[in-house]
Amino acid sequence: MNRFKETAKGLLRRAGGRGGIGAATMVVVIALLVILNVIVYALGSKYSWYLYTAPRYEHKIGDSSETFFADLDQGRDLKIRFCMNEEDLEGDAAYRLVLETARQFADKYDFISVDFINTVVYPDEVSRYKYGAAPQYDEDGKKIKKNNVTKESVVFDAGGNDFTVANLPAFFILDSQQHVTGYDGERVMSALIHRTMADERPTACFTRGHGETSNELLYNILICAGYTVSTVDLAKEEIPAGTTLLIVSNPLYDFETGAAGTGIVSEIERLEAFADAGGTVFAVLDPLVTDLPHLNAYLAEWGLSRREGTVRDMINSLTSDGYAVSTSFSSSGIGDAIRERIRTFSDADVVLKRAAAIDLDAPDGVAASPVLSVGRTASIWADGEKVDGEGGYAVAAYASRENGAGVFLVSSVYMISSDAIRTNGYANADFIYAVLEYSDGARVPLGTKVMLIETEKLEGVTRGVIRLTLLILFAVIPAAVVTVGAVVRIRRKNR
């Protein structure tokens, strides 16, 4: 303690000698502020302290719903009904956004209106949403509940049994700790409006039995695209009738094939029958899972073959290791169509991480096209070594037959990761919607915007852009300053 006092006195004497008590005071104030900042930061980190401010977030819907709603009978009426009273909704910083979005849709479309349900005064209306307009009963004579209607429920009601019940949290993006990180109300609300009023709902099935990863984000995308979603075990059952889309999501184990003459229908044979019926397969594979000989052979019949290793690009990468690559749309029929569709609403790129390159060699009767490609500076790496440096690889591809059947393939599970989907910085979500629209004729809410809440994440900046920025900041600008200073000094000296 005595040593600290002596040091402080010495600083004050030296500061006073060089500029008086003003400089000494400045030194002490800065030191105290630094110490105080360290203490507050340490306590805040330990006890999760924060200073709360209540920013008033605003979100305005765009024009993407005009195309999305084009197939709806807009002569029918649809009510967006909130079970929370109007005053409470308007007073809630988050839930107010949902009400404002509903009002914007009502202002934009004459067939949409907004009202509020008093769940206490009008229990019969709540009962219809819980059990349906024509209730069903179990063996004990009790009504079967179809929906759980609470104060946080929002009902999209087109009359009769044409209604959909959602909850207010469904319009927001939550992190793993259930904290709100974004508002996705425009997409969710437009999807629920379409889902309630559409005459038909296509069916999509996820394959199971091969260690597939259950992906909630892809499931939500399919729901918002109007699909009824289920699962199918191809080893035990047929693909349900009416299924138009089959999703193979990151399998760890291979699909089965049967020996000729056994009479057993194998999984690969069911895939082939699905294609014969005009169905679409959407395959998202992990490039590190290569021991899938039967599935790889099936894809090769469509002219799509994955190469071993993963794509790396130190110029067009978003990470220092070069594996998170910003892609571009390929010049092909589907590539041009998807690019044109997405660029109507967004200039963002589709980003893939640790993607495998795809070789295309279409047999007779099959048209195979690249959809996403990487630049000429890309290379392929396997086991820590560079195995190919030609660049320009396809990393997503689509193959089709004359009967309308198709296979979409991307060998990167990052395509459907949370970081890539729940953001405006990347176009991965819009890309998936556009693929579903092109390949399966789905009606999709493409072009809606996510409103991020209190985020500081920098997205869409490649390593090349970062290097150029650093070069300008730390080399070009300082060099310019030094040059100008030298010129000014020389001119003053030679006056």
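## Arg-307 and its salt bridge

At 26% relative accessibility, Arg-307 falls in the partly exposed class. In this predicted model, the side chain of Arg-307 forms a salt bridge with that of Asp-359, with an N to O distance of 3.8 Å. The two residues come from distant parts of the chain, 52 residues apart: Arg-307 belongs to the loop between β11 (304-306) and β12 (310-312), whereas Asp-359 belongs to strand β16 (residues 358-360). Asp-359 is likewise described as partly exposed, its relative accessible area being 37%.

When residues up to four places away in sequence are set aside, Thr-310 touches Pro-287, Tyr-323, Arg-354, Ala-355, Ser-379, Ile-380 and Trp-381.

## Other salt bridges

Side chains of opposite charge can pair when their charged atoms come close. Over the whole structure, 20 salt bridges are found. One of them joins the side chains of Asp-157 and Arg-128, at 2.4 Å from N to O. This pair also links distant parts of the chain, with Asp-157 in strand β3 (residues 153-157) and Arg-128 in helix α6 (residues 123-131), 29 residues apart. Asp-157 is buried, with a relative accessible area of 7%, while Arg-128 is partly exposed at 23%.

A further salt bridge connects the side chains of Glu-437 and Arg-341, with an N to O distance of 2.7 Å. Glu-437 is located in helix α13 (residues 428-440) and Arg-341 in helix α11 (residues 333-343), so this pair ties together parts that lie 96 residues apart in sequence. Glu-437 is partly exposed, with a relative accessible area of 25%; Arg-341, at 17%, is buried. Elsewhere, Glu-86, Glu-90, Glu-100 and Arg-103 are linked in a network of salt bridges.

## Packing of helices α7 and α8

Helix α7 (residues 185-197) packs with helix α8 (residues 216-224) at an angle of about 50°, and their axes are 9 Å apart. An angle of this value makes α7 oblique to α8. On the α7 side, the contact is formed by Arg-187, Ala-191 and Arg-195; on the α8 side, by Asn-220, Ile-221, Ile-223 and Cys-224.

## Nonpolar cores

The largest nonpolar core contains 50 residues, and the members with the most contacts inside it are Phe-282, Ile-338, Met-415, Phe-431, Ile-432 and Leu-436. Helix α13 supplies the largest share of this core, seven residues. This is the helix that also carries Glu-437 of the salt bridge to Arg-341.

Phe-431 illustrates the contacts made by one of these core residues. Neighbours within four places in sequence left aside, Phe-431 is in contact with Phe-329, Ile-338, Ile-342, Val-350, Val-371, Leu-372, Phe-408 and Met-415. Another core lies apart from the largest one and has 35 residues, including Leu-72, Val-98, Phe-105 and Ala-106.

Key
Residues numbered from 1 in each chain as written. Predicted model: local features only at pLDDT ≥ 70, side-chain atom pairs only at ≥ 80, totals over all residues. Heavy atoms only, no water. Salt bridge = Lys/Arg side-chain N within 4 Å of Asp/Glu carboxyl O. Helix = DSSP H or I, 4+ residues; strand = E, 2+ residues; numbered from the N terminus. Buried < 20%, exposed > 50% of the residue type's maximum accessible area, 1.4 Å probe, protein only. Axes fitted to C-alpha atoms, helices over the stretch in contact; angles between N-to-C directions. Parallel < 35°, antiparallel > 145°, perpendicular 65-115°, else oblique. Contact = heavy atoms within 4.5 Å. Core = buried A, V, L, I, M, F, W, Y, C linked by side-chain atoms within 4.5 Å.
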